[in-house]
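Please keep the sequence and the model in view while going through the points.

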There are 2 protein chains.
Amino acid sequence: MSRDLNEKFLSEQMQGMRSNIIRELLSFLQQDVISFAGGAPDPKTFPRVENFQEAVEYALTNYEKAFQYGTTEGLPSFRKQIAAFMLRMMSVKLSPENIVVSVGSQESLDVIARLFLDRNSWVAVELPTYIAALQVFNIWKPRYITVPTDKKGMDVHALEKKLRRLYSDGGYLKFVYTIPTGHNPLGSVMPLDRRKHLLELADRYDFYIVEDDPYGFITYDRVPPRLITLDGGDRVIYISTFSKIFAPGFRLGWLAGPEEVVRRVVLAKQGTTLCAPPFNQLVVEYFLRNRWIDSNIDRIREIYSVKRDAMAEAMREYMPSSIDWVEPDAGFFFFTYLPRGLDAMELLYRAIEEVKVAYVPGEGFYADGSGKNTLRLSFSLPTPDTIREGVKRLGMFFEKVIREAGVEVEKEVMRE
Amino acid sequence: MSRDLNEKFLSEQMQGMRSNIIRELLSFLQQDVISFAGGAPDPKTFPRVENFQEAVEYALTNYEKAFQYGTTEGLPSFRKQIAAFMLRMMSVKLSPENIVVSVGSQESLDVIARLFLDRNSWVAVELPTYIAALQVFNIWKPRYITVPTDKKGMDVHALEKKLRRLYSDGGYLKFVYTIPTGHNPLGSVMPLDRRKHLLELADRYDFYIVEDDPYGFITYDRVPPRLITLDGGDRVIYISTFSKIFAPGFRLGWLAGPEEVVRRVVLAKQGTTLCAPPFNQLVVEYFLRNRWIDSNIDRIREIYSVKRDAMAEAMREYMPSSIDWVEPDAGFFFFTYLPRGLDAMELLYRAIEEVKVAYVPGEGFYADGSGKNTLRLSFSLPTPDTIREGVKRLGMFFEKVIREAGVEVEKEVMRE
């Protein structure tokens, strides 16, 4: 470790910033460790080389457009294809003017935070929620309304109670951030009645909803309509990515929302990346035109479904009875509750050393610093056999840990 | 114009944000207007299709690497090639660990601002300086030390005087932001003695220098070594882009700097784009490996040199004697001084209407709101014939304007 940046140069917003533990883990793990840590997609889901080459040829026939600067909102032809894709996949009718192309969905989160948040602004998030969203929100030092969850995601009644108090105290909410379909890290899918209730609250109290939907296409069962579909685009700012249905290495995502939000998002984006790469936009536009993304989605679901089932079966077979978890209907994750009193962060280092299995401690996903007894297991990258072996080892490890801890631990049972 | 976002939702940092006038102009100009406004590269400088196809094949033989998430700092193989390129082009020996790949150089500016700036931090900038840098700095509400310029760029003696006062008042500078080679908008190249003086000040007062170098490869005469070359990498944070020497539509740039800065830049970048597209990185890596970028640079200089000469000749022929300008030794721009008392912003609308020529008013490039009588002419995109025609029309227009204004205007003569 060499010298660090002198504190006097560092901005306040950077002083508390720690490296994302998921990324640290990814970079330090030994070859022989089974990793349930990262959430990277299985390369088998990436585009077929022949299709890709054909799409590159298409981009090259638009040589100047592909290589020149593009407009900040994205190429009109690509935004048109995204609108058509959303209509096919989620029955929501939007105009291309409602859509902004982004460099992955992380950029959309960054821009939304920049657009809405000041010190002490109110934002509502689930406990737990996506760690990298908290990181970009934290830069602006907002205050959080933390909403408890169960195996179906956000407890909207609890949110309502907290809102009633906030508004009667003269405060107001800027937005609710939620991952309703294939939650990260929870793996939950929010039921229809809760979705309707949430939209009703947004109307009643006048706030926006940021619907983060990276996993909404990776489903293992029927799921209710997206929030943006139910809403029609008045209150909901929808963000998603081509990382899980095309390839993360192309860094393309998009945001869809009300016109007045989109116009401001474009302004804010001029200071970050100017525009997403037009060449990349043309390639994915060609995939959308040919419906290759649509047809690939079925194949992708099949690939992950086998892995999900392998993990579900292994969890039931090998996890001690005092451990509970959420079986996901969408996405990449099994969220797991150790008995209260155990600390998943502390145990991680032992798990890597003693049984050579890695996971992500849940703590970082909790805006209020709770969740110390939780962890996230990702099944997206390892093979079904490796999944079974890893869960077996982890089950034995936790059994030993619980035995050692004796009577001091208490099972956390989640509401179904 | 439909409804705007309710003020109560808008963050403080967004409330003052106006659309970049350059971009607005680009999107609203009619076909028959000669535009000296945008700074987009000439498509003739873009990569050859055969070379590009070969590079895509190379990327595809690294299929998983190309399509999977990459590390935030960029692919090690690409960073190695960038370090080798910098060694060849500017005789500076850096390790790949000093380099971070970015989504265009705009992302580097954004990340640097986020890393260093708080409300009331001190930053030094030239009068004028790059408008989009001011935009991202302004988000954090810093205070500016504004440094006057002449035809050779920053007046470093003036900076020294202002620093003496700042430090004796107990303040301190976070960094100087400068574009020493092919200034935007000034077109100037900072001479060697000023470069050395600036580095000396950085050492004496202990601050960083951000050397923005998008045009440092597009030179029409010999230029002094880069600041990072003179410094060796202790004080200088160097940022550049492949937009002008490869293609803007690929959105790749890089930052090179001291290890302690690079480590923090990587942390800050995790919240913005996670990583630049690995596919794109592999393609440009292949161009660098084969020295295709190096060999293209000579061709690019030739293309722009003809245009620069056309504009220089036309300016001398057609501009009224009470107008002064900087003839650039690097970059894309002729910075032009109207007589004091004239307002280039007001005149722009008349110029577009009366003679169908567009330019960028200089005002936005001045952190202190001065520079109302200045404008920036870009020669990168139009042909030499169009350049001559446009300058001719503009010269006639200004002649008329000056005649109308009578004795009230006074020529602004810049120091050589």
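1. Domain bounds are those of an automatic or database domain assignment. For chain A, this assignment gives domain 1 (7–45 + 295–403) and domain 2 (65–293). The C-alpha centres of these two domains of chain A lie 24 Å apart.

2. The model is predicted: local features need pLDDT of at least 70, side-chain atom pairs count only at pLDDT 80 or more, and totals for chains, interfaces and linings use all residues. Residues are numbered from 1 along each chain as its sequence is written, while chains are lettered from A and ligands numbered from 1 in the order in which they are written.

3. The contact between the domains (C-beta atoms, placed from the backbone, within 7 Å) takes 31 residues from domain 1 of chain A and 36 residues from domain 2 of chain A.

4. Which elements give two or more residues to the side of domain 1 of chain A that touches domain 2 of chain A? They are α13 (292–318), β11 (333–337) and β14 (374–378) of chain A; helices (H or I, at least four residues) and strands (E, at least two) are DSSP runs, numbered from the N terminus. The largest share, eight residues, comes from α13(A).

5. In chain B, helix α5 (residues 76–90) and helix α12 (residues 278–289) pack at an angle of about 35°, with their axes 9 Å apart. Axes are lines fitted to C-alpha atoms, for helices over the stretch in contact, and angles run from 0 to 180 degrees between N-to-C directions. Phe78(B) and Phe85(B) are among the residues of α5(B) in this contact, and Leu288(B) is among those of α12(B).

Conventions: Contact = placed C-beta atoms within 7 Å.
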